[in-house]
Structures are given as structure tokens and as C-alpha cells.
Amino acid sequence: MASNSRVSILDYFNIVFEGENGKIESNCKACGTRIQAKRTVTSNFVTHLKRKHQEMYDEFLRKKDVKREAYASGTVHAYAPMRDASRTATQSGSGTGKFDRSDPRQSLISETIAKMIIRDLQPVQIVENEGFRELLQLLEPRYVPEPSHYIQQQLLPAYAYQVQVATKLALSGAESCSVTLDLWRSNAVTLNGGSGYMGVTCHFITTDWQIKSALLACLPLPSQFDTQRMLNDFDEISHANGISGRVFRIVLDPSSYESRSAFRLPGFYLHGNGDVDDEEEEDSSDEETGPGVGKEDVGGAEEDNSVNQFLARCRIDCFARSLGQCVREGIRSSPHLSITLTKAACFYNYIIATVTAEKLAQVFSPGNGQGPSASDRHWNTQLKTMRQMLESVDFLEDIVDRNDLALNSVEKAMLRELVEVLEPFEEATDMVKGDKHVSISLALPSVLGLRKHLAEIVTHQCTGIVTGLSQALDRRLAGILEDPLYVTATTLDPQFKLSWSSDRDWHKQVLLEEVGKHTQAVSPPEPSLDTQPSPSKRSRLFSFIKQRPTTQAKSMEQELSAYLLEEPTDEDPLQYWKRKSIDFPLLSQVAKKVFTVPATATTVERIFSVVGKTLRPERCRPLPKNLETLIYLKANYSILWS
């Protein structure tokens with residue numbers, strides 16, 4: 001709810017009627033209450049927010065303070081109005097008055113345009129396009145379009161400064177944090193003089209036990225990648241945001257140089273997304289370094305070693321990426337599956353092209369009825385489509401009546417086995433690919449569940465993929481089962497505790513050693529003779545009350561034993577530790593650290609994927625010159641506009 005000139009109280013209301021003399025009627029966005037006032041006198045709106053929605057009122061005041069600080073620092077400068085009759089409130093030929101820059105409606109529309117540019121990563125020059133201005137004139141004739149240089153040089157930097165101020169303020173109260181480093185490189189084209197971007201995302205828990213994430217910086221990577229420069233940049237970012245010395249863990253990709261392109265089921269090329277060529281290109285190479293990696297990146301392992309030496313024990317691999325690589329390697333271990341998957345895709349594509357939407361809706365859930373959307377092209381989304389198709393395959397075969405496209409019984413059995421084998425992997429992938437923060441406490445139980453599933457499942461057509469998945473799981477994720485950090489995080493998750501352990505005594509000892517590294521002992525207060533009241537000074541009125549015994553601080557072993565005696569609960573881990581921080585002060589210290597480590601992909605990684613799609617030769621469009629600023633604002637969108 002930021003604005004280029006002011007933070008308006010009207011941002012919290014929907015204007016439903018505008019009358020003469022500036023009279024307006026608005027509905028509160030929170031409760032729908034209709035309020036009447038004038039644009040120049042907004043006290044009614046402020047009073048309603050203060051009385052009925054205290055949190056929104058506090059947010060309004062906070063944003064005004066941030067905006068005031070931005071002006072005071074000189075980041076936002078007053079923009080000299082153009083000497084144009086349309087800038088004033090004079091009447092145009094049609095009899096419609098133009099907005100002044102200070103008008104709340106003018107500010108709101110300008111802000112909305114900036115939000116569109118940020119969310120869609122559009123070039124700022126779009127505001128100069130003739131068609132765009134015609135659309136604005138049709139929708140709101142009184143609006144005066146802002147020049148592109150005003151948006152690029154003042155509005156967007158002002159928003160970025162507001163994010164920086166708000167983020168630094170929030171981080172100042174965090175005891176510790178974890179950081180995700182996302183390195184994205186493109187060999188297709190040069191990105192504004194560089195070869196890619198580095199995103200630094202910080203995850204922290206607030207004083208009231210709420211998990212927050214913020215992109216601290218998005219920096220272009222030079223064409224000649226320099227590990228030492230990257231690490232120096234990270235140091236500068238940490239210092240600028242006040243988190244130096246408070247970073248608990250740094251999450252990186254298992255290999256920063258592997259392809260970030262979406263992995264899809266081999267041969268299952270679905271129409272409707274226009275990306276068949278992309279998928280064929282991606283699946284054309286099975287090399288470990290991933291497709292699209294040039295010769296200059298073959299030494300990536302050596303650079304990764306430099307990063308490991310610098311980050312030491314702080315570094316851990318991204319669980320979401322490791323899981324994705326396991327699935328990729330497992331599926332590619334059975335190349336014969338691609339023949340059946342190709343036939344299934346042909347059948348599906350014919351259905352989408354010939355069957356009416358009404359009949360498709362009986363089979364496919366919303367969003368799949370017209371084929372996978374452009375943003376949902378991963379293997380797990382394809383698996384959902386295949387499952388729905390197999391559940392109604394007889395019905396679909398009767399509709400299309402094409403014997404040459406119909407699947408035979410062996411092919412149907414193979415695809416059903418494939419769906420059954422991959423279902424737990426699909427569930428784990430959906431968990432770590434969403435927008436919600438998922439901590440690493442779920443990683444260890446997920447690996448145990450996947451290993452158990454692969455050991456118990458019986459297959460006839462997909463034996464090779466089961467073996468391939470098992471080998472990939474052991475190679476990439478087996479180390480989690482003995483890692484003290486993962487053992488600690490899982491045990492401190494109240495829904496698991498040590499219920500997963502086959503050796504409780506050993507894991508309990510591992511936990512005690514790990515917790516001891518990250519806690520500060522809570523010592524009982526030393527008795528002081530000067531502060532002890534004499535019996536004669538004790539209150540006689542309450543002398544019947546038994547004197548309280550001196551509180552003895554629990555040891556770590558006592559806390560852990562008391563914690564493990566409680567039954568596991570499905571309560572949210574952060575809410576649990578917020579409630580139990582007094583009972584278990586030492587354990588809660590560690591919980592506040594380990595639950596900052598994410599198992600999920602970050603927002604900026606998803607944005608990098610969007611940028612990568614625009615660089616494909618068949619769809620390449622000009623990228624904004626200030627792309628890193630737009631990525632930074634898009635990733636932190638919720639900080640400005642909640």
C-alpha cells in the first residue's frame with residue numbers, strides 16, 4: 001500500500017461513489033462498512049480504522065513513518081510537475097478535470113501501474129506505449145500518465161528503499177536467521193552485461209514466533225564468475241542488513257551449476273503450454289552437470305569447494321533441489337518408459353483437442369481441463385494429469401473412438417504402476433514446492449517414508465525405476481538420517497519428537513550434543529542477603545500463604561526428558577514453542593534457530609525460473625534494464641502490499 005507521494009488512508013477502502021464537491025462513499029476492505037466523507041477530509045476513515053481494525057491502523061501509521069523516513073533521507077525527491085495545462089485541475093475539451101499529482105486517485109492508479117510492472121517483470125517503457133495510454137484514457141480520463149523515467153528513477157527506487165528499511169527493522173529483533181543463496185545463470189543470452197543473478201534470501205522468526213522471509217539482494221553475476229567476489233558480496237549484504245554473526249545456516253543448491261529447468265516425465269509432452277521444444281531440449285542430456293552448462297562451468301565443482309571452505313559448517317544442501325534430482329535420476333534410469341509415456345501423451349493431446357469442455361470437466365480438475373498451464377509443467381503436475389486420465393480412461397476411449405490411440409492393457413498397467421511408485425515423491429515435492437515455508441524438520445521423516453515405500457512396493461513393469469529411485473535416494477539424501485542438525489530439527493517438531501527413531505538413546509545423545517552447541521545456559525539467580533526481607537518486614541496480611549520455594553533452573557537433560565514425555569501433537573511447531581518457551585527455555589532457543597532453515601525453494605528461485613522462460617529463442621522478449629530491481633521488489637511484494 002505504498003504510494004509515490006503519500007500513504008493514503010483510502011488504500012484501505014474501496015471507493016464506490018464519487019459525487020460533487022469531492023464527496024465520496026467507500027466500503028471498508030476489511031468489514032465492508034460504508035463510510036461517507038470528502039477526499040480532503042479523511043478523518044472518518046482514520047477513525048473507523050482506529051476503532052475497528054487496530055492492526056490495519058498500526059500498519060497505516062508504520063507505512064507513513066517509513067515513507068517519511070524515505071523523504072527525510074533524500075531517497076524520494078519531489079518531482080517537478082510538467083508545465084502542462086493537463087497537470088492542473090482545468091477542464092479539458094470533454095469537460096473532464098485532470099487529476100493533480102497529489103490527488104489520492106492519481107497516486108493510487110500510478111501505484112497500481114507500478115505493481116503491474118513489478119509483478120509481471122515488465123519494462124518500465126510500457127507506460128509510454130500508445131496502446132497502453134489509450135487504455136488508461138478509456139478507464140480513467142482524468143488520470144495523467146506518469147513518464148517512464150519518473151517510475152524508473154524515483155518510484156521504483158523509493159519502493160526498494162521502503163523494503164530495505166522495513167526488512168532491516170524486522171531483522172533487528174531476530175535472534176538468528178538462515179540464508180538461502182540462489183545462483184542462476186543463463187548461457188543463452190547476456191543479461192544486462194552479466195551471465196545471471198545471485199539472490200540472497202533471509203529467513204527469520206520474529207519475537208512472536210512468526211516465520212518471515214525477505215530477499216535481501218538480487219545482484220547480477222559477471223560473465224566471468226568469481227567465487228571470491230560472490231562471497232565478498234554476501235559479506236557486504238550481511239553487514240548492510242545487520243545479520244553478520246547471526247546467520248545459523250546457509251542453504252545452497254547441491255550443485256550451483258546444474259540446470260534449473262523444470263524436469264518433466266520423458267516423452268509425456270502435453271500440448272496446450274507451447275513448451276514441447278523446451279522439454280525436448282531439456283531431456284536431451286543426462287549428464288550430471290545438466291544441460292546448457294558450458295565448458296567454462298566444468299570447473300564448477302572446484303568453485304563449489306571454495307564456497308564450502310568459506311562457509312564451513314554453516315552450509316547445507318537445499319532439500320527441495322536434492323529431492324528433485326533424486327526423482328530426475330530415478331525416472332531416467334528406465335528409458336523404456338518414454339515409449340509408453342509418449343503414447344499416453346498423444347492420447348491426452350487428442351482428447352484436449354477434440355472433446356468438449358463440458359465432458360473434459362467430468363474427468364479433469366479445474367486447470368487441467370485445457371491442458372497444463374504455462375506455470376505448471378513439472379513432473380508432479382503431469383503425474384496428476386496422468387492419474388486423472390487413467391481413472392477415466394475407459395470413458396475417454398469411448399468418447400474419442402480411436403483404436404490407434406487407445407492404450408492396451410499392458411501400457412495401462414505400466415502407467416498405473418508408475419503413478420503408484422511416484423505418488424509419495426509427488427506428495428513430498430508438492431510440500432516443498434509451495435509458497436508456504438516448510439522447515440527441515442520434515443526432511444528426515446520424508447526420506448524415511450520414501451525408503452519404506454520403495455522397499456515395500458511390488459512392481460512388475462517398473463522394477464527399474466524403483467531401483468533407480470532407491471539408489472538416487474541413498475546417494476543424495478541418506479546422509480540426512482545421521483546429520484545432527486536434521487535429527488535435532490525433527491525431534492523438536494512436536495508432531496514427531498523421537499517417534500521415528502529406531503535407536504532413541506543414541507538419537508537423544510546426538511540431540512543433547514547438538515543442542516548444547518547452540519544454547520546459553522539459564523543460570524538461577526544468585527541469592528543476595530541484602531535483598532532478602534527480614535521476617536519482621538514480611539507482610540502479616542498474607543502470612544498464611546506458604547512461602548514460594550526458590551525456582552531451580554532445569555538442566556538440558558531434564559528439559560529434554562520432560563519434553564519427550566509429552567505425547568506428540570499436530571500443533572504448528574512455532575505456535576507450540578511460543579507456548580512452551582517458558583517451560584523449555586533451552587530447547588526453545590534451539591527451536592528458534594533450526595526452524596528458520598527452509599526445506600523449500602525460495603520465491604526468488606521461482607522468479608528466476610520465470611525469467612529463464614522469457615529467454616527461450618522462440619519467445620524471447622526484451623528484458624527490463626533494471627531487472628534486478630524488479631526481481632527484488634517482486635520477491636518482497638508482500639512487504640509493500642500485504
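Guide: What follows covers the sheet, its strand pairs, and then a cavity and a pocket.

This is a predicted model, in which local features need pLDDT of at least 70, side-chain atom pairs count only at pLDDT 80 or more, and totals for chains, interfaces and linings use all residues. Residues are numbered from 1 along each chain as its sequence is written, and side-chain values use heavy atoms, with hydrogens and water left out.

Some terms are needed at the start. Helices (H or I, at least four residues) and strands (E, at least two) are DSSP runs, numbered from the N terminus. Two strands pair if DSSP finds at least two bridges between them. Strands of a sheet pair through backbone hydrogen bonds, either parallel or antiparallel.

The sheet is open and has five strands, in the order β6-β5-β4-β7-β8, with mixed pairing. At its edges stand β6 (211-221) and β8 (315-317); each has a single partner strand, so one side of each is left without a neighbour in the sheet. Neighbouring strands are turned by 25° against each other on average, direction ignored. For such angles, axes are lines fitted to C-alpha atoms, for helices over the stretch in contact, and angles run from 0 to 180 degrees between N-to-C directions.

Strand β7 (residues 247-252) and β8 run parallel and are joined by three bridges. Within this pair, Val 251 has Ile 316 of β8 as its bridge partner.

Met 198 has Leu 219 in β6 as its bridge partner. The hairpin of β5 and β6 has five residues between the strands, and Trp 209 there takes a positive phi near 65°.

On a 1 Å grid over the protein atoms alone, a cavity is a set of points where a 1.4 Å probe fits but cannot get out; a pocket is an open set with protein on both sides within 12 Å along at least five of seven lines; lining residues have an atom within 4 Å of a point. Grid points are joined across faces, edges and corners, and a volume is the space filled by probe spheres set on the points.

The whole structure has three cavities of 30 Å³ or more. The second largest cavity holds about 50 Å³ of space. The elements that give two or more residues to its lining are β6 and α6 (227-240). By class, this lining has six nonpolar residues, no polar ones and three charged. Here Ala, Val, Leu, Ile, Met, Phe, Trp, Tyr, Cys and Pro count as nonpolar, Asp, Glu, Lys and Arg as charged, and the others, Gly among them, as polar.

Strands β5 and β6 also contribute to a pocket. The second largest pocket has a volume of about 1,500 Å³. Its lining has 45 residues, and the closest to its centre are Lys 212, Ser 213, Ala 214, Ser 638 and Ile 639. Among the elements that give two or more residues to this lining are α2 (54-73), β5 (196-205), β6 and α24 (637-640). Helix α5 gives the most, with six residues. The lining of the second largest pocket divides into 20 nonpolar, 15 polar and ten charged residues.
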